[in-house]
Amino acid sequence: MAIKIIEPDLILSAYRNGYFPMADPETKEINWYKPEMRAIFILKDLKLPRSLHQLVKKNNFEITYNQNFKTVIKNCSYRNETWISKEIISSYLKLHKLGFGFSVEAWKNTVIVGGLYGIALGGIFFGESMFSKISGASKVAFASLVEKLKKQNFDIIDAQFMNEHLKILGAIEIPQKEYENILTKSLNKYCRFE
C-alpha cells in the first residue's frame with residue numbers, strides 16, 4: 001500500500017501563512033497548527049550557551065549537511081509518542097528532493113549519532129525536529145546550523161513550540177502577530193541554504 005503524501009505546495013503555502021503540519025500520535029491524522037505563542041531564535045541576537053561552545057570545541061562529532069536526510073528524519077521519529085508519521089516522512093523527503101528540506105548530521109566515526117532537519121524559505125529556517133543517540137550530538141549540529149544560517153544572512157529559526165531544551169539554547173517566545181510580521185518580512189528575503 002502506497003503511503004500518502006501531503007503535496008509540497010500545500011506544505012510550503014502553510015509555512016508562508018504561519019502554519020505547520022503534525023500527525024496525531026495515535027490516529028496519524030495530519031493536523032495544522034498556528035500557535036498563539038511561537039518559539040523562535042533571532043539569529044542576529046543569538047548567543048549560544050557557553051557550555052555549548054565548550055562542547056563544540058571538543059570536536060567529538062563531524063558535522064555534514066544533506067548527506068542523509070532520510071536517516072535524520074527517521075531517527076527523529078523514533079520516540080514513544082511521535083508526530084512524525086510515515087506520511088510526514090514521505091512528504092518531507094519530497095520537499096528535500098525539491099530543494100526545500102535540509103538536514104544537519106552529527107557523525108561519530110561512520111555512524112550518524114545526532115542531527116536535525118527543517119525547511120528553508122526566504123530568510124527563515126523552519127526547524128522541525130532533532131535527535132541524539134550520543135549526548136550533545138544534536139546540540140553540536142544545532143550550533144553548526146546557527147553559524148551557517150548567520151553567514152547566509154537568515155533572520156530566524158522557527159522552533160514552533162517552546163520547551164526547556166529550546167529555552168536553554170536561546171529561543172524566545174513571541175505572540176503570533178509579532179511572528180507574522182517577521183514572517184512577512186523574512187519571506188521576502190533571498191537567502192540560499194548551501
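Visitor: How many residues does helix α4 have, and how far does it reach from its first C-alpha to its last?

Guide: A word on ground rules before that. This is a predicted model, where local features need pLDDT of at least 70 and side-chain atom pairs count only at pLDDT 80 or more, while totals for chains, interfaces and linings use all residues. Residues are numbered from 1 along each chain as its sequence is written, and side-chain values use heavy atoms, with hydrogens and water left out.

Now, helices and strands here are DSSP runs (H or I, at least four residues, for helices; E, at least two, for strands), numbered from the N terminus. The expected span of a helix is 1.5 Å times one less than its number of residues. Helix α4 covers residues 86-97, so twelve residues, and reaches 17 Å, close to the 16 Å expected.

Visitor: Which residues of α4 are buried?

Guide: Buried means under 20% relative accessible area, exposed means over 50%, and partly exposed is in between (1.4 Å probe, protein chains only). In α4 the buried ones are Glu87, Ile88, Ile89, Ser91, Tyr92, Leu93 and Leu95.

Visitor: How do I read strand pairing, say for β5 and β6?

Guide: Two strands pair if DSSP finds at least two bridges between them. Strand β5 (residues 101-108) pairs with β6 over eight bridges, in the antiparallel sense. To find your place on screen, look for Trp107, which stands opposite Ile112 in β6. The two strands make a hairpin with two residues between them, and Asn109 in that turn has a positive phi of about 60°.

Visitor: What does β6 do with strand β7?

Guide: β6 and β7 (residues 124-132) run antiparallel, joined by eight bridges. Here Gly114 sits opposite Ser132 in β7. This pair is a hairpin too, with two residues between the strands, and Gly122 in the turn has a positive phi of about 55°. As for cover, ten of the eleven residues of β6 (111-121) are buried.

Visitor: At what angle do helices α2 and α5 pack?

Guide: Axes are lines fitted to C-alpha atoms, for helices over the stretch in contact, and angles run from 0 to 180 degrees between N-to-C directions. Angles under 35 degrees count as roughly parallel, over 145 as roughly antiparallel, 65 to 115 as roughly perpendicular, and the rest as oblique. Helix α2 (residues 50-57) and helix α5 (residues 137-151) pack at about 95°, with axes 10 Å apart. That makes α2 roughly perpendicular to α5. For contact, think heavy atoms within 4.5 Å. Leu52, Leu55 and Val56 on the α2 side meet Lys139, Val140 and Ala143 in α5.

Visitor: How many salt bridges are there?

Guide: The rule asks for a side-chain nitrogen of Lys or Arg within 4 Å of a carboxyl oxygen of Asp or Glu. The count by that rule is five. One of them joins the side chains of Glu180 and Lys34, at 3.2 Å from N to O. Glu180 lies in helix α7 and Lys34 in the loop between β2 and β3 (37-42), so this pair ties together parts that are 146 residues apart in sequence. Glu180 is partly exposed at 22% relative accessible area, and Lys34 is partly exposed at 29%.

Visitor: Where in the chain do Glu164 and Lys167 sit?

Guide: Both are in helix α6 (residues 164-169), three residues apart, so about one helical turn separates them. Glu164 is exposed at 52%, whereas Lys167 is partly exposed at 45%.

Visitor: Is Gln176 buried or exposed?

Guide: Gln176 counts as buried, because its relative accessibility is 8%. You'll find Gln176 in helix α7 (residues 176-187). Setting aside neighbours within four places in sequence, Gln176 is in contact with Gly18, Lys34, Pro35, Glu36 and Arg38.

Visitor: And what is Trp32 in contact with?

Guide: Again leaving out neighbours within four places in sequence, Trp32 is in contact with Ile6, Leu10, Ile11, Ala14, Tyr19, Phe20 and Pro21. Trp32 belongs to strand β2 (residues 30-33) and counts as partly exposed at 32% relative accessibility. The C-alpha atoms of Trp32 and Phe20 are 5.5 Å apart, with the two residues twelve apart along the chain.
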